[in-house]
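User: Could you walk me through some of the helix packing and backbone details here?

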Amino acid sequence: MGFRVNQDEIKTSYTHTLSEFTADLTYDSIPPEVRERAKFIAMQTVGVGLAAKGTPIGERSVALGRFTGGVVSEGGATLWTTGEKSSVAGAAFCNSTLADALDWEDCSWTGHPSASIVPVAFAVAEAEHKSGKDYITAIVAAYEVYQRIAMAVQPPENWPNYKGWGLTSWQSFAGVLPAAKLYGLNAEQVNQALGFGATNCTVPGQLHHVTMSDAYHYEHGYRSMDGVVAAMNVKLGVSNYTDALDDPWSFENHMCVSPSPDWYTKDLGKRWLTMETLLKHWPANIWIQTPLELTEELLSSHDIRKEDIAEIVVDPPTFLRMYYSPEGYSSMMQGQFSIPFMLAALILDRTPGSNWCDEAKLHDPELLALAGKIHGGGSEMLYMPKCFKNFQQGHHPVITVTIKTNGGKEYSKTMEGHLGHPRMMMTPQQFKERFLIQAAPSLSPDALEKAADALASVEQCDDMAQIGAMLRNN
């Protein structure tokens, strides 16, 4: 007979509180600015998923979506880049992988929750014929709960780089929560679904960072598929399996050497962490956004051409983000995580997209020659654990980019943060403009405008299957 926790002996039942919040949250109870932000987070996520069409990983994601969920003629949910329909689990796997494939989605303090939250919410809402308001409500509920669970298991300050830190480990909650909300689970059932979320957490690991493998992107798909299946498992019925965040051997004690369980319910319903999420303006790692923004502004302001450039200095440099090899790069991920590679890609093509990390670019002589001119400055190196800690306090690294020309001129610009940072969020019009660039590979011009308008006013949609149908007009 297993040991069962006595709820009367628990000062605060974290699992119960989060479950009630998820089950009880309504569209009208969410502050208008939070609903608006969630809507554009969702729009951007769909856009960056559509942007991955034609890439090798995009094609494989669709193939795996078909493999895991089949192709259906009725019901189910849309595979974003092809317009085919698969099971909800298959669509969640495919679209979540697509959403992370170009590293162009959100970045919270703990990972990329949108890469699971939005594709899962979209797939379930489409299959269940939920409204746009239901869709937005599920996204907000998932963001608020996911982020708090993830914060409870972050390593302490000065912990060795990456040891015990794996952002796709707690990603399972980003898949479980929107599915639980949209499948209409009550508080007790959400509690059970959180139990599956804990069960489905992988051991923290950084193999993708060591190998620079695109397997990293698929991890988001796996966690999303698991989340859909977990929520449906609970809906069909499961005995007990509650209080995963409160039992004597609770989740955070397995995941972290020094957990912070107070984060589970910190300011829940008062401080909306959805509003503290960063949206990437460029298809690159979070710590490359500011160098890209600065380089684009310098190129535009001073009409600098690629043949004018003698050197570009990024100061301070960021640890593990200055990689350059004159022989080329081994994978798309290695390019996405390299400041020299991404700045060179921008200089050669000012329109962002999958074209920046086309596999041919990884060994392109012109790009590599430009990348070789991009160096770190002399200031103290930035380390990512500290950068993330500062991000939690509302700050961002202060970066200076200096472009030196062959004619002997120098142009510099300094910036803290960038467009898309919570303190410098994009406007609705800027989100739409980005979506039109992002989704262009997947949709015809007419379908592109209709989809952009529909997603920008998704709260007016009575049936999300209608928007799913728009993504099939490609």
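Predicted model: local features only at pLDDT ≥ 70, side-chain atom pairs only at ≥ 80, totals over all residues.

User: At what angle do H5 and H10 pack, and how far apart are their axes?

Analyst: Helix H5, which covers residues 114-127, packs with H10 at an angle of about 45°, and their axes are 9 Å apart. That angle makes H5 oblique to H10, since angles under 35 degrees would count as roughly parallel and those from 65 to 115 as roughly perpendicular.

User: And is that crossing left-handed or right-handed?

Analyst: The crossing of H5 and H10 is right-handed.

User: OK, what about H7 and H10, what is the geometry there?

Analyst: Helix H7 (residues 172-182) and helix H10 (residues 215-236) pack at an angle of about 40°, with 7 Å between their axes. H7 is therefore oblique to H10, and the crossing of H7 and H10 is right-handed.

User: Which residues meet there?

Analyst: From H7, the residues are Ser 172, Gly 175, Val 176, Ala 179 and Ala 180, and they meet Arg 223, Ser 224, Gly 227, Val 228, Ala 230 and Ala 231 in H10. The residues of this contact of H7 with H10 divide into six nonpolar, four polar and one charged.

User: Switching to H1, which of its residues are buried?

Analyst: In helix H1, spanning residues 14-24, the buried residues are Tyr 14, Thr 15, Leu 18, Ser 19, Phe 21 and Thr 22. Viewed down the axis of H1, these buried residues fall within an arc of 160°, so they line one face of the helix.

User: Moving on to the backbone, where is the cis peptide bond?

Analyst: The peptide bond from Asp 315 to Pro 316 is cis, with omega near -5°. Pro 316 lies in the loop between strand E5 (309-315) and helix H13 (332-336).

User: Which residues other than glycine have a positive phi?

Analyst: Two that I can point to are Tyr 241, whose phi is near 60°, and Asp 267, whose phi is near 55°. Tyr 241 sits in the loop between H10 and helix H11 (251-255), whereas Asp 267 is placed in the loop between H11 and strand E4 (278-279).

User: How accessible are they?

Analyst: Tyr 241 has a relative accessibility of 33% and counts as partly exposed, and Asp 267 is likewise partly exposed, with a relative accessible area of 39%. The reasoning is that buried means under 20% and exposed means over 50%, so values in between count as partly exposed.

User: Last one, where is Asp 453, and how far is it from Glu 20?

Analyst: Asp 453 is in helix H18, residues 445-456, and it is partly exposed, with a relative accessible area of 39%. Asp 453 and Glu 20 are 433 residues apart in sequence, and from C-alpha to C-alpha they are 34 Å apart in space.

Notes:
Residues numbered from 1 in each chain as written. Heavy atoms only, no water. Axes fitted to C-alpha atoms, helices over the stretch in contact; angles between N-to-C directions. Helix = DSSP H or I, 4+ residues; strand = E, 2+ residues; numbered from the N terminus. Parallel < 35°, antiparallel > 145°, perpendicular 65-115°, else oblique. Left-handed = near helix turned anticlockwise from the far one by under 90°. Contact = heavy atoms within 4.5 Å. Nonpolar A, V, L, I, M, F, W, Y, C, P; charged D, E, K, R; others polar. Buried < 20%, exposed > 50% of the residue type's maximum accessible area, 1.4 Å probe, protein only. Arc of directions from axis to C-beta.
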